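Here is a short briefing to read alongside the model. Please keep the 3D view open as you go through the points below.

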Amino acid sequence: MALSRAGAPPPVRLVHLGLGNFFRAHQAWYTEHSGAADEWGYAAFAGRSIELAARLAAQDGLYTAVIRAAEDDRFELIGALAETHAADDHQAWLDHLSRDRVSVVTTTITEAGYLRRPDGGLDTEAPQLQADLEVLRADLKGLVRTAPARLVAGFAARRGADAGPLALVPCDNMPGNGEAAAQVIRELAELVDPALAEWIGESVAIVTTEVDRITPRPSPDDAAGVLAATGRVDDCPVVTEPFTEWTLCGDFPAGRPPWQEAGAVFTSDVTPFENRKLWMLNGAHSLLAYAGSIRGHVTVAEAMADDGCREWVQEWWTEAARHLTQASAELDAYRRAILARFANPRIRHQLSQIAADGSQKLPIRILPVLRAERSQGRIPLAATRILAAWICHLRGRGAIVSDVRAARVVGLAAGPVPAAVRRVLAELDPALGDDEAVVSAVVDQVREFTAKG
C-alpha cells in the first residue's frame, strides 16, 4: 500500500529550513505528538538536495518514524509535513514567509550552515555568501542559496507583505544557537538594508534551543522493515532512538504548537541543558568518531563495546562533569542513560557521519572544557586525547575527512607531528598553540595513536 493522505493536509503554519532525517525525527515528530497536529502543518525546505523533497512529495509528505529500541522497533506514521520543497523552490519559500498564518520558522542547517567566523560573526569572505549578498542588494526576491541569505530574504518578504511578527527557532548543536543565528542574520541584513535589519530586530523573536535525538542515516533495509511490519510502501522512513529531548527559551509572538504536550520543556535558561548535552553526549560522540574509527570501528555501538574506547569516554565525562552545574546524582543518571543509548546495537550510528565538520564541532564540544581545566591548572588528558584523535583523522587515519574547512585544516595537519599539532591547535584557538603543556600532551597522544593504530 503506497502512502497517501485520506484527507487534506494540515494548514501550513510552520516553515522549516533543512529538510532531513533529524528534523523529521525531532521537530516534525514533536508537532505530530503535540495534540494539535491537525492545526499545525509544516512546509519543509531542503537545504541543498532535490531528491528527498521530491520523494516525500510523492507520498503526500507522509513517512514512517521507526523508533528503534534495543529490543524491537515501533512504527509511527507522521503526517506533520503538509508540503516539501527542494532547495531552489525559492518562490515558495518567499510565499510562505509572506503569509500571516505562518507563525514559526525552525532550522536544522548544522553548525557549518551559519557561515560564522571563529569569533561568531558572519563570514563575509565566504564566496557563496558574497554571491548571495550581491543578489539581495539587486533584488530581495532573487534566488539565494545560503541559509543566512534565505532567512533574510524570507523576512524581507514578510516585511513587504506586512504579515506581522513570528519566531525563528534554530535547532542545531551550537551553544547559544539563538544568539548565533541572530548575529549572522543581523549582520547580513545590515549589509543589505539597515531598515530591514531594524525590522527583523523588532519583529522576529529568536528562540534558543537544546535538541537531542540520535538519528542515524536509514538503510535500504529500513524501508523493507516498514513494509513487512505495516504493509506500507515508504520510500522515506526515518530511524531514531526512543530517547528525545527539546528545551526552548524565548517568545512566540504569533503562537506555536503545544509542543510541551509531546515532552518539550520551556525554560528561562537553556544553557545548563545545552552544556550538558554538547559536552557529555556530543563530546563523547566526537571522541568515538575519531579515536574509535582509528581503532577500526564503524558504529558508535561497536566502539562502545571496546574497553579502551569506553574507558576514554568515562574519562572525558569526568573532566566535563567538573564544569557542569547539575547535581552529581543527576549527572550520574545522565551518564548511565548515554551509555545505554550508545550501546544500543540496533542503532547503527556511523562514526563517519559524526566525524564530519570537526573544525566546526570541536570548538563548541571540547574547547570549553579544556579551557576550564587549564584555568584550574590541570592538563586535561581526555580533552587533549580528542584533539589528538582529530589531528590523526586529518592526517589520514580512521574515518575519511569530510569537513567544510578540509582544504585548510588538512594542510595544517600535514608534516612533522610537533609543528602540525601546534598549527592545528592555533587554528582552533591561538592561545592553544601557545600553551606548551597542551601542545606537548597532544603531540604525545598523536604519537600513541599512530603507534597503536
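Contact here means that heavy atoms lie within 4.5 Å. With that in hand, note that this is a predicted model.

**How two helices pack**

- Two packed helices are described by the angle between their axes and the distance between the axes.
- Helix α4 (residues 90–97) packs on helix α6 (residues 147–161) at an angle of about 50°, and their axes are 7 Å apart.
- Angles that are neither roughly parallel (under 35 degrees), roughly antiparallel (over 145) nor roughly perpendicular (65 to 115) count as oblique, so α4 is oblique to α6.
- The crossing of α4 past α6 is right-handed.
- From α4, the residues His90, Trp93, Leu94 and Leu97 take part, and they meet Arg150, Leu151, Ala153, Gly154, Phe155, Ala157 and Arg158 of α6.
- Sorted by class, this contact of α4 with α6 holds 7 nonpolar, 2 polar and 2 charged residues.
- An α-helix has 3.6 residues a turn, so residues three or four places apart point the same way.

**Buried positions in helices**

- Is Gln445 buried or exposed? Gln445 is buried, because its relative accessible area is 8%, and buried means under 20%.
- Gln445 sits in helix α21 (residues 436–452).
- Once its neighbours within four places in sequence are set aside, Gln445 is in contact with Leu381, Thr384, Arg385 and Ala388.
- Helix α16 (residues 367–375) has buried residues too: Leu367, Val369, Leu370, Ala372 and Glu373.

**Backbone angles to look at**

- Most residues other than glycine have a negative phi.
- Just after α16 comes Gly377, with a positive phi of about 85°.
- Asp60 is not a glycine, yet its phi is positive, at about 55°.
- You will find Asp60 in the loop between α3 (51–58) and β3 (63–68), and with a relative accessible area of 32% Asp60 is partly exposed.
- Thr110 is not a glycine either, and its phi is positive at about 70°.
- Where does Thr110 lie? Thr110 is in the loop between β6 (104–107) and α5 (127–138).
- Thr110 has a relative accessible area of 40%, so Thr110 is partly exposed.

Terms used:
Residues are numbered from 1 along each chain as its sequence is written. This is a predicted model: local features need pLDDT of at least 70, side-chain atom pairs count only at pLDDT 80 or more; totals for chains, interfaces and linings use all residues. Side-chain values use heavy atoms; hydrogens and water are left out. Helices (H or I, at least four residues) and strands (E, at least two) are DSSP runs, numbered from the N terminus. Buried means under 20% relative accessible area, exposed over 50%, partly exposed in between (1.4 Å probe, protein chains only). Axes are lines fitted to C-alpha atoms, for helices over the stretch in contact, and angles run from 0 to 180 degrees between N-to-C directions. A crossing is left-handed if the near helix is turned anticlockwise from the far one by less than a right angle, and right-handed if clockwise. Ala, Val, Leu, Ile, Met, Phe, Trp, Tyr, Cys and Pro count as nonpolar, Asp, Glu, Lys and Arg as charged, and the others, Gly among them, as polar.
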